[in-house]
Amino acid sequence: MTLSCDNHCVIEKLLQTPFSSLSYNEKLKIIEEGAPKPNLTLHTKVKSCTRHFNTSLYEAIPWLCGCDKLNKLFCWPCLLFSKEKHVFNSAGYNDINNIYKSGKRHGHSVNHIACLKEITLFGKNRRIEFSLSSQYKQSIEKHNEAVKQNRKFVGQLITAVCFLGSQGLAFRGHDESVASVNRGNYIEVLNMLARYDSDLHNHLESSTAFRGSSPDIQNELIHSVSELMTMEIKKEISKANYVSLILDETSDVMNKCQLASVLRYVTADGNVEERFLRFTDVSSDRSANSLFNHALEILNDFECGPKLIAQTYDGAAVMASQHAGVQAKIREQYPNAIFVHCYAHRLNLVLAQSASFIKEVKVFFATLSGFRTFFAKSTKRTEALDSHLRKRFPSIAPTRWQYHSRLAETVHEYREGIENLLVSIIEEPEEWDVETISSARGLLSLLRDFDFNFMLKIFSSIFPYSGALFKILQTKRSDIAFCNTKIDEFKHHMQRLRGGFDHLWSEMENVFDSNGPTRPKRIRIDSMSGEERKNSYKRLFCEIIDVVCQNVSVRFSENATLLFLSLLDARYFPMYRTSFP
């Protein structure tokens, strides 16, 4: 029996945390410590006198207990075991005048008698788990150890799945049989982990029921990881206030049109996140209605339609049309979802259209790709390129103009080395076949051509800036205001470049006066006088710069209308308290 409640009254705790929710050891400790029976300050006025509480009540009513913090009386057995609520186990009793009458009525209740039985028998009979035979105990321990090992093993399988997924590696192999030299990345990663984990090694060698390497298990693990990641993305989006949708099409190695779906949103702590969701094969139907239904499916699945404030696609008519395009259909459902044509795609179109508008530029890029084709066609040519230049020509993608810029910059930077390599091929006919020598002559003539070098000089001055701008526009952390600033800087650079023709022309004349032919192959230009010839190339130079500047201005003309989006950057919120733009 406890004579008084301490600072952490057990009755107060039991009223907050039911006795039934405690562990067995916690219950046993409370019962062993006994009911708290403090001296309370209760009193009740009866006509002309006042009755006060006396500790002798605890002896008269054995099941009675008290809480000096609440200054009330309770029934100890009912407080612990009763499933029915009444005054003696919830609110507490404080009527001293009627305590005997109420106590007698409560003591004879069925519920109280059942609780009294519970508290009397509690702990007297040994719990069943303590009475099990030693053999049964051993079997339980063995089962628990097996469960522990299986969980560890499944965790290693998940680690392998996450590693291959994050690295973008294939799971399956062509031959996954035991005799195969390469059984696929998934099984080989497990075998590598097994070298440093004896438990995993023994499981892979001896398990007959669940080895974890079958194609079905791989697919189930991939699907499970995907579901967990999707659930986490949904959880983040549920806390976000603003969401934008990004869709883009691309062709895979099987020539199927895959639609990439991405959601971009602001997290609760103000960070911007972009989450790739999935690839969807849309080869059979790429109409605006089909792509619109796909977009709606994503918005409904992630429950972010009402939060949609922006949509970003390329400039194709099926996506960007103002009347029947996907963006127009989305805005009918969600009027706040403004359409933003991808900035990087706009810049790509600027360079592509600049090349297609001017005949000389179109010819230049067509001939420029010949360098990469020549050396990539033969392993012997590639080996010669590696040994002479220690540099290879980058691949070219027709729709990605930053790859053309890399090729132009490579040819410009290694022009002298490429020329020496081509000369060595021509001067060693016994080492090379006729086709190689003939192609080398053509490329060497091209490298020594004034027109080609003039174009190379122009675009080697443009591409470093366009390449840097392209990277900025593709960075997910870049805000609208910063991108607009960089676009303006690019246009200013183009204007400065336009005024530097005389410097470029003097460099070209100096190089060709000292290193070979100075006349272009075009008869019309060759027949001109020196000043006329210079003016002709100046017109071509200015036309190239003007077309690029004009396309930049047209393609990015609506940027100013999006400047208000920079106000959503959480980094500037503290500054807005004193100075709001």
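Q: Helices here are DSSP runs of H or I with at least four residues, strands are runs of E with at least two, and both are numbered from the N terminus. Which helix gives the most to the lining of the second largest pocket?
A: Helix 10, with nine residues. Bear in mind that this is a predicted model, where local features need pLDDT of at least 70, side-chain atom pairs count only at pLDDT 80 or more, and totals for chains, interfaces and linings use all residues. Residues are numbered from 1 along each chain as its sequence is written, and side-chain values use heavy atoms, leaving out hydrogens and water.

Q: What makes Asn71 count as partly exposed?
A: Buried means under 20% relative accessible area, exposed means over 50%, and partly exposed is in between (1.4 Å probe, protein chains only). Asn71 has 23%, so it counts as partly exposed. It sits in the loop between strand 3 (64–67) and strand 4 (72–75), and has a positive phi of about 60 degrees despite not being a glycine.

Q: Why is Arg390 called exposed?
A: Its relative accessible area is 72%, so Arg390 goes down as exposed. Arg390 lies in the loop between helix 16 (379–389) and helix 17 (401–413). Its phi is positive too, about 55 degrees, though Arg390 is not a glycine.

Q: How do you know that the span of helix 15 is close to the expected one?
A: The expected span is 1.5 Å times one less than the number of residues. Helix 15 (residues 359–376) has 18 residues and reaches 27 Å from first C-alpha to last, close to the expected 26 Å. Its buried residues include Phe364, Phe365 and Leu368.
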